[in-house]
Amino acid sequence: MAEETKRAEDLPREVEMPSPTAWPIVLAAGITLLVAGLATTVWLTVLGACLAAAGTVGWFRHLYPHERLETERVEHEPFKPVTERPEVARRREVIQEGHRARVPVEIYPVSAGIKGGLAGSVAMALLAMLYGVVSHHGIWYPINLLAAVVYARPLLVSSHQISTFHIQLFLVAAAIHVLASLLVGLLYGAVLPMFPRRPILLGGFVAPIVWSGLLHSVLGIINPLLNQRISWGWFVASQIGFGIVAGLVVARQGRIHTRQYLPFAIRAGLEVSGRPQDKDPGEGQQ
Amino acid sequence: MAPDSMPIARALSLPRSERKPWLEVLHEWVITVDHKKIGVMYVLYGLLFMVAGGIEATLMRIQLAVPEARFVSPQVFNRLFTMHGTTMIFFVAMPILFGFANYLVPLMIGARDMAFPRLNAFSFWMTAFGGLLLYFSYVGGAGVYGAGSAPSFGWWAYAPLTSPAFARGHSTDFWTLALLVSGVGTVGFGVNTVATILCMRCPGMKLTKMPLLVWLNLVMGGMLFFTISPLTAAQLMLMIDRYLGGHFFDTQAGGKATLWMHFFWIFGHPEVYVLIIPAFAFLSEIVPVFSRKAIFGYPIMVAATVGIGFISFGVWAHHLYTIDMPSYGQAFFVGMSLAIAVPTGIKIFNWLATMWGGKIWLATPMLFCVGFLFQFLIAGLTGVILANAPFDWQLGNSYFVVAHFHYVIVGGILFALFGAFYYWFPKVTGRMMDETLGKWHFWLFVIGFHLTFDPMHIAGILGMPRRIWTYQPGHGWAIWNMISTFGVFVQATAILIFVFNLIHSYLQGAQAGDDPWDAWTLEWSTSSPPPPYNFAVIPEVKSRRPLWDLKHPEDPDWQYE
Amino acid sequence: MSTVPAAIPSSWATRLPRRGHIGMLSLVAAESAIFSIFIVAYIYYIGKSLSGPTPRQILVVPVFGTVCLLSSSLTIHLAVTGLRKGRARVFKAFWAITAALGAIFLTGTALDWRRMIYKLGFTIRTNLFGTTYYSLVGLHAFHVTVGFIMLAIVLIFALAGKVRQEHAEKCEALSIYWHFVDAVWVVVFTVVYIVGR
């Protein structure tokens, strides 16, 4: 910025600014009266038209042949950049020195989330099928129920049908299961580093129970038929199974340094000209 | 100090003989083309109409406090909710947000004024006169056999309630004309904002170095063209129907009433985002400064805003799930309405990530921003619920919907606005707002807000429809309505404290200095209030936080961006 | 230096877009949204009228007017190019031709409307088709009229010798508007005279 480098005598003493003018308000009043005449009396329209015409002409003459300007005297008080709050970090363990907080310092790589999600999905599927066996509905029963979230026909057929294998339902359920598991795994990978204390408690118990509670309260409204068939105890159990396994797998992966302060081009691995001198983002402060 | 930026305070502090005559001061403001004065006028004008809209809301809440009340007549009640909605959207929320944009955008991009200063004045006066025209309907809109003075069809103005057969007299015409006139002003403002941001930036300020407030207002300005114009077109059709005997919305001649619904909501839903994006802009400036950290994920914030801008034009029919629409149409709008929650969620996470690990300073502007985060989250979640067509069939047009959008507009936009008032008041007037009064304002307003709007969710789930004049006892609605009405008075108290704080601080607040918050954007590098020319020398920037670079020359931002 | 203009430093300013252009393009964006709504209404109501007459019975395709309007886009482009190079006579000639072509189009529309209203008794009240036809074509004709008035004012100033090379940018902004009006006519023509008949 220029202020700090220039001395007072180098600064301009006057600045030209557009001069004030009444024509815009005249034109606006004219147009308003012109249309207001439609709902009142035609004479208002006539008055409005006259004002609008005067406003237009006046505005034009304000700009032509030369824009009217007025000079403002510069009463300059140079801006003195001072800071009273230089430091940023609240957590000493995050930032040792300086005034830039860079949190989180370490995150899990994306692959950790994917691995956690896949591992969790296996655990959840096993628990769900165990429920099928224990409840004498058969192992296909929970799979068909999951498919019924988007594909409601099995709920309408007999309870025999819902316990047998259907290839379409299996594919639908597998797709939902893998997709949802991957997304939740990625979410765990992104969120867990932000809770350094007891990630397993949070990811393994708190999140599944909150989610189950939310679903329990609304499923009866969204899909009452499906609601009748859910065994909530087993539902919570399989959710927790997912959470613990996914959380453990994620937490066991190695962490990497964040690179959020690097320019986008460097983070994307692009070779661009004029990039600033490379700084290792992981080494705290430069 | 600029000679005439604080006319009243200066006038009062001067001896009587040196005061400027008030007529001269008034004249100065009326003919001004200075973006700062126009911005202040926008805000003051919006606050004025906020009083009107607030009184209307209070009257409605008094009427609904107990079952079978007779506080106002059904006709008056219909006028109240119509005028309340129209006023708050068109003549309160938009003018105040535009006023802030008008004031801040040129300062933040290091410009001396808007691209078209005279168009700026014209746009403001069109908006102002539009509001006067709307309220003139109370006097001039007297209809045939008591059919109404002010319009009474709800702010959606669904056909056929607006047809000549059902809307006698001129109240409908005043409503239409007022929105047409103010619409011209709004589009003028949009043109000016986009041109200013694209063409008036100071040296070094590339698009990637603009403060987020400027970016978000650029998106908002661009959206205005495709938001307000459809409304203008639909109003023109309505005028053709009413004045020239056309048949656009005339079902007797083969026209469709649902066409108006579509046209109105093609305006109506993007309009919500036109209002919330400037609120996001305030948060994106205030949260980093009071967390003492740079904004987290700047490029993603910009991308999410642009994404919201585009998706918002594909969600309008979630207001019309209950009309004749094919199921694939419903599925499309459900999908789009759910999808728009994703970029919005990204923004919330980015603000949280900005706060996380920061040295948070809970001054009043930051308090309002934290309030915003909580309430806007809930508003967004009820929005996701309502985006599902089956849910909407149950809850559409119930008080649940009323609660949802008031959570967005009051809990979200208004909270961000209050934060912005406390944050930029020192820049505009040179004086700080009182912190103690500010804390009172915040806590009373939070309590009043939740008392008013939380019970509405429950009343809505219990089946209370919106826009009813009164109700029978025994539905289980009475207690929730009573709490709501009580909450309105708490909110009103908080607003009174706010207004008192504005006036009190303007006259007697502590001197602010140029940079009271130790902030990082260009508006804080000029005096408070800024001189008419903003900057004696046009600044040059190298990063998104030019004042950080000045304050920390050993560790400037441009080494990282 | 003592007095500095309000503008920003020139070396940087050349890298920014010109505000006249951006302003006009923004206005065009807003106008196109208005036209889109009217065009959607027209398409939606094709064939929905409960009574006659139908477009096929009434409409005569305005071939001559269309050719005139579309070719005026070329002439205004040539006029502005001439002005930018400082060739005042070229500018005046092509600008006058543009205004004349616009006037021919407007006259054609006026005559067509007179035929329909006074000879055939087909008005905006007649049926749904009348409502949508007159409002869409009328909205376009209104924009052509506004453009024509602007063209005429510039022409008067040009004939008085007051339009010089430094005004090229403003004339160019006006030409953007005129191109837009032409482009809209392509859509309106397609919808009204080809799809809707």
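1. Conventions. Residue numbers start from 1 in each chain, following the sequence as written, while chains are lettered from A and ligands numbered from 1 in the order in which they are written. Because the model is predicted, local features need pLDDT of at least 70 and side-chain atom pairs count only at pLDDT 80 or more, whereas totals for chains, interfaces and linings use all residues.

2. Confidence. The model scores ipTM 0.94 and pTM 0.88. The pLDDT is the predictor's confidence in each residue, from 0 to 100. Chain B has a mean pLDDT of 91, with 95% of its residues at 70 or more. Residues 1–5 of chain B are an exception to be noted, with pLDDT below 50; this stretch has seven contacts in the model beyond near neighbours in sequence. Two residues are in contact if their C-beta atoms, placed from the backbone, lie within 7 Å. Where pLDDT is low, the predicted coordinates should not be read in detail. For chain C the mean pLDDT is 92, and 95% of its residues reach 70 or more.

3. Domains. The bounds given here come from an automatic or database domain assignment. In chain A this assignment gives domain 1 (12–73) and domain 2 (106–254), and the centres of these two domains, taken over C-alpha atoms, are separated by 67 Å. Chain B is divided into domain 1 (1–31) and domain 2 (32–559), with their C-alpha centres 32 Å apart.

4. Chain C. Seven helices and one strand make up the elements of chain C. Helices (H or I, at least four residues) and strands (E, at least two) are DSSP runs, numbered from the N terminus. Read from the N terminus on, the order is β-α-α-α-α-α-α-α. Along the principal axes, the C-alpha atoms of chain C fill a box of roughly 75 × 30 × 25 Å.

5. Helix 4 and helix 7 of chain B. Two packed helices are described by the angle between their axes and the distance between the axes. Here the axes are lines fitted to C-alpha atoms, for helices over the stretch in contact, and angles run from 0 to 180 degrees between N-to-C directions. Helix 4 (residues 74–108) of chain B packs against helix 7 (residues 212–244) of chain B at about 125°, with the axes 10 Å apart. The two helices are therefore oblique to each other: angles under 35 degrees count as roughly parallel, over 145 as roughly antiparallel, 65 to 115 as roughly perpendicular and the rest as oblique. Their crossing is left-handed, a term used if the near helix is turned anticlockwise from the far one by less than a right angle, with right-handed used if clockwise. Helix 4 of chain B contributes B:Ala101, B:Leu104, B:Val105 and B:Met108 to the contact, and helix 7 of chain B contributes B:Leu213, B:Val214 and B:Asn217. By class, these are six nonpolar, one polar and no charged residues. Ala, Val, Leu, Ile, Met, Phe, Trp, Tyr, Cys and Pro count as nonpolar, Asp, Glu, Lys and Arg as charged, and the others, Gly among them, as polar.

6. Helix 4 and helix 8 of chain B. These helices pack at an angle of about 40°, with their axes 10 Å apart. That angle makes helix 4 of chain B oblique to helix 8 of chain B, and the crossing is left-handed. On helix 4 of chain B, the contact involves B:Ile89, B:Ala93, B:Met94, B:Leu97, B:Phe100 and B:Ala101; on helix 8 of chain B, it involves B:Glu271, B:Leu275 and B:Pro278. The contact has eight nonpolar, no polar and one charged residue.

7. Helix 8 and helix 11 of chain B. The axes of helix 8 (residues 257–291) of chain B and helix 11 (residues 341–355) of chain B come within 9 Å and cross at roughly 15°. The pair is therefore roughly parallel, and its crossing is left-handed. B:Phe280, B:Leu283, B:Val287, B:Pro288 and B:Ser291 of helix 8 of chain B meet B:Lys347, B:Trp351, B:Thr354 and B:Met355 of helix 11 of chain B. Six of these residues are nonpolar, two polar and one charged.

8. Backbone details. In chain B, a cis peptide bond with omega of about 0° joins B:Ala159 and B:Pro160; B:Pro160 is in the loop between helix 5 (117–140) and helix 6 (171–199) of chain B. The bond from B:Ser528 to B:Pro529 is also cis, with omega near -10°, and B:Pro529 is in the loop between helix 16 (478–508) and helix 17 (546–551) of chain B. In chain A, A:His136 has a positive phi, near 65°, although it is a residue other than glycine.
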